Amino acid sequence: VVQLKPFPAELVKTLLNEPASVKVDEVVRYEVGYVVCAVIAGLYLLAVPIAGLCFCCCRRRCGGRVKTEHKATACERGTLMAFLLLTTLVLLTGVVCAFVTNQHMHEQMSPSVEAVPEILLSLRDLVSDVPQELQAVAQQFSLPQKQVLEELDGVGVSIGSTIHTQLKSTMYEMLASVSSLGQALQVSVDHLQAMNSTLVELRKGQQDLEPPVRERRKRLLTLLEGPSCQGCTEAQSRARALELGADFHQVSPVDDVLHRLKDVPEANFSSMVQEENSTFNALPLLADLQMADVVKELKKVVAQKPEGLKTLAEEFPGWEAAARWSQALEEVEQRSHPYLQEVQRYEKHRWIWGYVLCSGVLFVVVCNLLGLNLGIWGLSAREDPSHSEAKGEAGARLLLIGVGFSFLIAAPLILLVFAAFLVGGNVQTLVCQSWESKELYKFADTPGNLPPSMNLSQLLGLKKNISILLAYHQCKEGAALWSVLQLNDSYDLEKHLNISQYTAKLQQKLQNLKVDMKNLDLLSPAAHRDLEALQSSGLEKIHYSSFLVQIQKPVVNTNMETLAQELEELARTQGSSVLGQQLQEEAQELKNLCREKVLPQESLVAKLNLTVRALASEAPKLQMETSEVLDKVTYLKGELPTWVTRILRNESECFLTREVDYFSQYMAWVREEVTQRIATCQPLSGALDNSRVILCDMIADPWNAFWFCLAWCTFFLIPSIVFAVKTSKHFHPIWKRLSSTSSEETQLFHIPRVTSLKL
C-alpha cells in the first residue's frame, strides 16, 4: 500500500555506478509513501506525549468522578467497560503476536547470519575443488573392484553350488535307485539262501517222515479191516489216504543260481551311496579348490586400474574462470564477517528493546484488566453510589496507572515501529519482490547497469550470449556447466571411460575355469560286479511255479489229528477191549508223529511259501531295475563332464556379465558425476534461492510481522487511554449535591491528581 512504484532500475544503476550523482529528490519521490508514514509517526510522537502532559495538568479540573447519577449512568458505565475490555483484548492479542514474532525474528537471525558464509563457501568450492573431486571419483573405482574381488572369493563355491543345484535331482534320483537296488539285492539273496536251506530241510524231513507214515498206514488198515472192528468203514478210507502229499524232490534245484550269487553283495551299498552322496554334496568346496589358481590370476587382473581412469583428473582442462570466481567469493566472504557481526549485535539490541516495549504494552494490558476486575468488584460491593469503596478506588488507580504508562511508552514505540517499518518495507519492495519476480536478474542482464567489478558473467565463466536470468533458469533445471561451457570440445571423456581392454583380460582368464568330476564314481567296482552277477544269475528263470504246486499240496494227504480223534472214538465203541486198546495206541502214535514230524514240515513249507512268492514277484522287476541302473550309470558317467562343462561356461558368462555390469555402472556414474554433478551450476541457483529464503522468508517476513504487531499495539493505546480514563470515573463514588453549602458537605473526598502518583 505504501510503496506501489516498480523497481527503480535507473536509480539503482546510478547508485551502483556513480553514488555521488544520486539526487535526493529522486529518492524522496520514490520513497514518498514512507515520507507520509514518517509524518504520521512524527504527529503521533508529538501529539500523544503532549496529550498526556495536558491530561496530567488538568486532571483535577476535568473532574475525576461522575457528578450525578441518572438513569443512563449504568448503561454508560457498562458500555465504557465493554469497550475498554475489547480494546484491552485487542492489545493483548497484538502484544502476544509481538512477543512471538520478536522471538521468532531473533531465533531466525542467528542461523541466517551463520548461513551466509556457508553459502559463499559453497559457491567458492563449486569450481575450485573440481580436480580433487575428479580424483575422488576416479578413486571410487575401488568400490566395484572390491565387489568383484569379494565375489571372486566365492566364485568357486558359487559355480560348484550351481552345478550341484542343477544336477542334484538327477544325482539324488540315481543314488536313491542304487540304494534301493542294493537293498533289494540283499533281500533277494537272503530269500534265495533261505529258500535253498528250507528246500534241503524239507527234502530231509520228507525222507524221515515217509517210513513212519507208511508203517502207521499199514497197521491202521490191518486193524480197521479186521472182522471184529465195528463201524470202521469211514476210518478205513481215511487210513488208506494216509500217505505223503507234497514231494519236494520234484522241484528244480537252485544251487546253480546260488553259486552265481556267491559272495553277493560284495559291496556295502548303503555306505557306498552315502559316500557318493557326500562327494556330490561337497562339489562346491571341490570346485573352489580346483579353481583356486585361476581365481588368483583373476584377482591380479581385477586389481589393476584402467589407464583412462588414471589420467581422468590429470588431463582435465584448466578452468580459467575458477580462479577469478574463487578469489571474488573469498573476498566477499572475508568482508562479510564484520558486517555480519554488526548485524547480530544490532539484532540483539533490537530484540531487547522489542521485549522491553512489548513488556510495557503488556503492563498496560495487566493494569486495564486488574483495574476492570477491581472496579467491577467494588461496584458490586458498594451499597450507596456516593460511598467510597477501597476496591473500586484501587481499580480506578490501576486504570490511571496504565494510562500514565501508555503516555510514557508511546514515543519509543512509535520510533521503533517506524524504524523497523522503514527497513523492512524497503527490503520487501526493493529486494524481495524484485528478486522473486526475477527483476533483479533482468537488471543485472541489462548492459551498463552493473559496474565492471560486478560483471557476473565473467565471474561465473558464462558465455557472452547467455544472460544471468537464462543461466539461472538452466541451473535451476539442473543444466551442467559441462554443456554450458562446451567442455566436451576440449576434453574426450569417453576415452577415459573405455574399459574394453580391461574386461577382455578378465574374460580371457575366466575361460580357464574348470571343474573335474572324476571323484564321483556313482558305482564302486564291487557294486558294479554285484549288479552284473545279479543280472547274469538267472534268478528270474527259476521255476517258481513248480515250488508253488508242491507248496499247495498238504504234507500228508490225511489230517492226522482228525484221524487220531476218530480212532479214539472207535476205540471206545469196540466190543473187544484188545482192539480198542490197539486203536487207542495207534491214535496216540498218530498224534506223536504229527507233532514231531508233520507240524515242523508244515512250518518249513510255510517258510518256503513266503520266500518263493517274494522271489517270484521281485525277481523280474529286480532284473529290470538292475539293467536300468547299469545303463543309467554308464550314461551319466559319459554325460556328466559335458553337462558340467556347459554349466561352467554359462556360469562363467553370467559372472563376467555381472562383473562388467559393476564396472559399467561405475562408468555411467562417473559420466553422470562429471557432466551433471561435479561440473554443474545447480549449486549456484541453489545458493541464490537460499539467499532469498534467508533474507526474505527468514528475516524480512518475521521482521515485518514484528513491526506490524507493535504498530497494532501502538495505535490501539489511544482508545485504551480514552476508555480507561472515562471508565475510571465510574469506579469513584458519585458526587451528590446536598442542600448545605459547606465545602465539607459538598466535597465528599479529594480526587488525587495523576501527577501525584509515584510510578
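Trainee: What makes Met 195, Leu 199, Val 251, Ser 252, Val 254, Ile 542, Leu 608 and Val 612 contacts of Phe 547?

Mentor: Contact means heavy atoms within 4.5 Å. Leaving aside neighbours within four places in sequence, Phe 547 is in contact with those residues, among them Met 195 and Leu 608. The model is predicted, so local features need pLDDT of at least 70 and side-chain atom pairs count only at pLDDT 80 or more, while totals for chains, interfaces and linings use all residues. Residues are numbered from 1 along each chain as its sequence is written, and side-chain values use heavy atoms, with hydrogens and water left out.

Trainee: What is meant by the largest nonpolar core?

Mentor: A nonpolar core is a set of buried Ala, Val, Leu, Ile, Met, Phe, Trp, Tyr and Cys residues joined through side-chain atoms within 4.5 Å. The largest one has 120 residues, and Met 195, Leu 539 and Phe 547 have the most contacts inside it. Its largest share, 31 residues, comes from helix α26 (residues 577-678); a helix here is a DSSP run of H or I with at least four residues, numbered from the N terminus. A second, separate core has 40 residues, including Val 48 and Phe 731.

Trainee: Why is Ser 652 called buried?

Mentor: Buried means under 20% relative accessible area, exposed over 50%, and partly exposed in between (1.4 Å probe, protein chains only). Ser 652 has 11%, and is therefore buried. Ser 652 lies in helix α26 and, leaving aside neighbours within four places in sequence, is in contact with Ile 159, Leu 510 and Leu 513.

Trainee: Why are α9 and α25 described as roughly antiparallel?

Mentor: Axes are lines fitted to C-alpha atoms, for helices over the stretch in contact, and angles run from 0 to 180 degrees between N-to-C directions. Angles under 35 degrees count as roughly parallel, over 145 as roughly antiparallel, 65 to 115 as roughly perpendicular and the rest as oblique. The axes of α9 (residues 233-240) and α25 (residues 560-573) come within 11 Å and cross at roughly 150 degrees. The two helices are therefore roughly antiparallel to each other. Glu 234, Ala 235, Arg 238 and Ala 239 in α9 meet Thr 562, Leu 563, Glu 566 and Leu 570 in α25.
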